[in-house]
Each structure stands twice: as structure tokens, then as C-alpha cells.
Amino acid sequence: SPPLPAPPVPLSRATPELYRMGHIAYEMVDNCRIALFENRINLLENVLGNEELVNSMQKEITGYLTKITEHDLSEAQGTRVMALMHAVNDIERVGDHATNLVELIQIKDDKRLKFNNGTQDDLKAEFAHVLATLDEAMTALRDYDAERARHVKDMEDRCDVMTKECMSRNISRLNTHEVDPQVGVIVVDLFTNLERISDHSDNIADVVLGVY
């Protein structure tokens, strides 16, 4: 397909800001990962601080994009503004899921709950995959790269499969009493939030592909 016409200067300024917001959301999820597996619970404070930042950036960027729509835009530019509006909301939701992860990690820490090795490995793999997917989604958005966006969608499909497999292993461990029921519940909630983050990456890929 032919390249889109270059947006007016104000629109091209929104994308790097959005990428920055996405990077902060990525760091929130990554800090949850480090807090959980390297026992650095103090990092959770950073995550909660960044939640405020992500929320204020959402308002700022949305306001900025709304102002752009007051100008005469070509159809392609109008489409791009709407796409970025959608992407801002998805990034903000990633931040929300990161704060959910914080709560779960805090509960695990407060109650001194332990994961067994299998559970730990499953969670590590899922965290790594979800972070890689989010990173790829943000790069696809920054460069408006359809090929990368399609790759994100493949990665998201893989995440759905991983999540189902990990969830069923968690249930088996509960049934055989390998895992404390309190741990089992937290594990389900961790996986659910991670899978949702992956869904938002998928939405960002759709924005790039013009399907939303």
C-alpha cells in the first residue's frame, strides 16, 4: 500500500510522546516482574508513582489530539488521530493492570506465600513473553509498521495458549496439594492481568493495522 501522507507537524509530535508513555507502562510491568522474582518489593512504590504519570500523560495527549481535530485534516490524518486516541487508552489500561499486579505481589509478600518452582517458571515465562509483546507493539506504533503489528498479533495468540497451559498446570498443582490454595488464587489473578496486558498490546497492533 502507498505510504500515508506525512501528518502535519503537531500530529507527528504526538507519536513520540505516546511512545514515551508506552515505555513508562512497560517499565511498570517490568518493575513488577523484578519485585516478584528478585524480591525487591521497594520497586512497587515506583510502579504506583508511575501510574499517576501515565494517567496525567493520557489526559495531556488526549487533549492534544482533540485540539488537532479542530484543524482541517485529510482523511488519512483524521484516521491517524483516532488511532492514536485508541492507543492512548490501551496504554493507560496497561498501567491499570500493572497496579493490579502490585496489589497481588504485595499480598504474596505480606502473607509470606511461596511459589513452587514450576509455578515460578510459568510466571517468569509469561512475564517475559508479555513484556516482549508490549515492546514490539510500542515499536510497531512508533514506526507505524504493519509487519511488526502482525508479529504482535502472532505473539498475542501464543500468549493465549501459554496462559491456558499455565492455568491448567496451576489447577493440577492445587488438586495434588503441591500449591497452597491462597497461592493458587494469586497465580490465577497474576496470569489474568498479564493476559489482559497482552490483549492491550494486540489492540495497539490493530490500531497500526487500521482495525479497531
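Where in the chain is Ala35 found? I located Ala35 in helix H1, where helices (H or I, at least four residues) and strands (E, at least two) are DSSP runs numbered from the N terminus.

**Entry 1: the model**

I noted that this is a predicted model, in which local features need pLDDT of at least 70, side-chain atom pairs count only at pLDDT 80 or more, and totals for chains, interfaces and linings use all residues. Residues are numbered from 1 along each chain as its sequence is written, and side-chain values use heavy atoms, with hydrogens and water left out.

I then looked up pLDDT, the predictor's confidence in each residue from 0 to 100. The chain has a mean pLDDT of 91, and 95% of its residues reach 70 or more. Among the elements, helix H1 (residues 9-37) has the lowest mean, 90, and H4 has the highest, 95. I kept a caution in mind: where pLDDT is low, the predicted coordinates should not be read in detail.

**Entry 2: the whole chain**

I counted six helices and zero strands; read along the sequence, the pattern is α-α-α-α-α-α. The C-alpha trace spans about 65 × 35 × 20 Å along its principal axes.

I recorded an accessible surface of about 10,600 Å², with 50% of it belonging to carbon and sulfur atoms. Such areas come from the Shrake-Rupley method with a 1.4 Å probe; for residues, only the protein chains shown count as cover. Of the 212 residues, 46% count as buried (buried is under 20% relative accessible area, exposed over 50%, partly exposed in between, with a 1.4 Å probe and protein chains only).

I also looked at contacts, meaning heavy atoms within 4.5 Å. Of the contacts with a separation of 6 or more, 83% are between residues 24 or more positions apart.

**Entry 3: Ala35**

I returned to helix H1, where Ala35 lies. Ala35 has a relative accessible area of 0% and is therefore buried. Leaving out residues up to four places away in sequence, Ala35 touches Arg40, Ile41, Leu43 and Leu44. The C-alpha atoms of Ala35 and Gln106 are separated by 9.5 Å, although these residues are 71 apart along the chain.

**Entry 4: His129**

I placed His129 in helix H4 (residues 117-143). Is His129 buried or exposed? His129 counts as buried because its relative accessibility is 17%. Beyond its neighbours within four places in sequence, His129 is in contact with Met155, Arg158, Cys159 and Met162.

**Entry 5: two loop residues**

I examined Asn39 in the loop between H1 and helix H2 (43-68). Its phi is near 55°, a positive value in a residue other than glycine. Asn39 counts as exposed, because its relative accessibility is 59%.

I found His177 in the loop between helix H5 (146-175) and helix H6 (181-209). His177 is not a glycine, yet its phi is positive, at about 60°. At 70% relative accessibility, His177 counts as exposed.

**Entry 6: Ile171**

I finished in helix H5, with Ile171. Its relative accessible area is 47%, so Ile171 is partly exposed. The C-alpha atoms of Ile171 and Leu48 are separated by 31 Å, and the two residues are 123 apart along the chain.
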